[in-house]
Amino acid sequence: WEDPVGFIGLGNMGGHMARNLLSKNFKVIVYDALPNNMKILEKSGAQSASSPAEVASQTKTLVTMLPAGQHVREAYTGDKGLLSAVRSGSLLLDSSTIEPATSQEMEKLAAEKGAIYMDAPVSGGVVAARDALLTFMVGGSEKYFEQAKSLLLNMGKNVVHCGPVGTGQAAKVCNNMLLGITMIGTAETMNLGIRLGLDAKLLAKILNMSSGRCWSSELYNPCPGVIENIPSSNNYEGGFGVTLMTKDLGLAQTAATATKAAIPLGSLAHQLYRIMSGTPLACKDFASVYEFLQEMDAK
Ligand code: NAD
């Protein structure tokens, strides 16, 4: 891979992903709206650019990892957006979790410039991003999938083709609705068990050898101190923000309305995270729903 790779969006996820490319000897040109996030990557060998357009003018492979649809739109079509300078034949991979309609719109605009767009949202969280163990759900032309996969495998271990542009986002929204629900369920369960006098670590151990086991109980337990080196044991810092989970559950809600699917628990999870978004927990990891429930406990 001789051409440099462009990387836009160096937050909790993108920072690790770009660093993994650097550690595998890719030349990486980065851009983030926060200059400090670029400075951190420069220390690992990245070259910074002053805008998405400047990144696009220097590479034919670009990855974006931005919070929501509006940020992707801005990075693609805004003033000095990447589409203003994209080179024909470029491969544009968007790993942000956004509404499928925005992905489809970006694909159309990219095609007008002769570029190939694919949605490639990820699952796995910050630890998987750090350890290059992400799962990528890819929507886009099958013709370019292998090319995309060969790059994405440097940041993850599973790369799955889902169908045309937008289907990666569809798979991601389904996964995150389930994640939002199981995280609340795990937090409720841990809170109840501790109130019943059980030791938190013992309860987690039993859940994880029983039928209640899930990713939230096993790898991302929301109760502080149960698992070291994850956000719940670090004052819910870093990780996957409450506002991002609220966004994803909102995407699920919109999708369910459009398809007439019944999602009663997904809707309830959305409302709980929406309420949390109006509290100081808004800037914390989504596992802080554990703390939120404790605040709601009868005194
Ligand atoms: P984040 O908020 O930590 O990082 C986003 C970065 O984008 C920030 O550094 C911000 O400065 C930058 N940014 C915002 N607008 C920009 C613009 N117009 N141009 C350039 N940079 C801009 O978010 P994150 O946790 O890294 O998540 C990124 C995406 O990945 C989201 O869509 C999220 O839903 C998804 N995701 C996150 C996780 C997780 O565990 N954090 C897991 C899977 C998927």
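The model is a predicted one, where local features need pLDDT of at least 70 and side-chain atom pairs count only at pLDDT 80 or more, while totals for chains, interfaces and linings use all residues. Residues are numbered from 1 along each chain as its sequence is written, and side-chain values use heavy atoms, with hydrogens and water left out.

Let's begin with the ligand. It has 26 residues around it, and the closest are Met13, Asp32, Asn37, Pro67 and Lys247; a residue is near the ligand if one of its heavy atoms lies within 4 Å of it. Where does the ligand lie relative to domain 1 and domain 2? Domain 1 (5-163) and domain 2 (170-296) both give residues to the shell, so the ligand lies between them. Those bounds come from an automatic or database domain assignment.

Now for the polar contacts, meaning pairs of N or O atoms within 3.5 Å (within protein, one must be able to donate a hydrogen and the other to accept it, and residues adjacent in sequence count only if both atoms are side-chain atoms). Asn12 brings a backbone N or O atom to 2.9 Å from a ligand oxygen, and a polar backbone atom of Ala33 sits 3.1 Å from a ligand nitrogen. Asn37 uses its side chain instead: a polar atom there lies 2.8 Å from an oxygen of the ligand. On its own, the ligand has 840 Å² of accessible area, and the protein covers 88% of that (Shrake-Rupley method, 1.4 Å probe). Elements giving two or more residues to the shell are α4 (69-77), α6 (125-130) and α11 (242-259); helices (H or I, at least four residues) and strands (E, at least two) are DSSP runs, numbered from the N terminus.

Next, the salt bridges, each a side-chain nitrogen of Lys or Arg within 4 Å of a carboxyl oxygen of Asp or Glu. The count comes to 6. To place them, take buried as under 20% relative accessible area, exposed as over 50%, and partly exposed as in between (1.4 Å probe, protein chains only). One of the bridges pairs Asp248 with Lys247 at 3.3 Å, N to O, and both of these residues are buried. Another joins Asp131 and Arg130 at 2.9 Å, N to O; Asp131 is partly exposed at 36%, and Arg130 is partly exposed at 43%. Arg213 and Glu218 also meet, at 3.1 Å, N to O, with Arg213 partly exposed at 48% and Glu218 partly exposed at 35%.

Finally, a few loops. Asn154 lies between α7 (145-152) and β9 (156-163) and is buried, with a relative accessible area of 16%. A polar atom of the Asn154 side chain is 3.0 Å from the backbone oxygen of Ser150.

Most residues other than glycine have a negative phi. Which way does phi go at Lys80? Lys80 has a positive phi of about 60° without being a glycine; it lies in the loop between α4 and β5 (91-94) and is exposed at 54%. Asn229, not a glycine either, also has a positive phi of about 60°. Asn229 belongs to the loop between α10 (215-218) and α11, where it is exposed at 69%.
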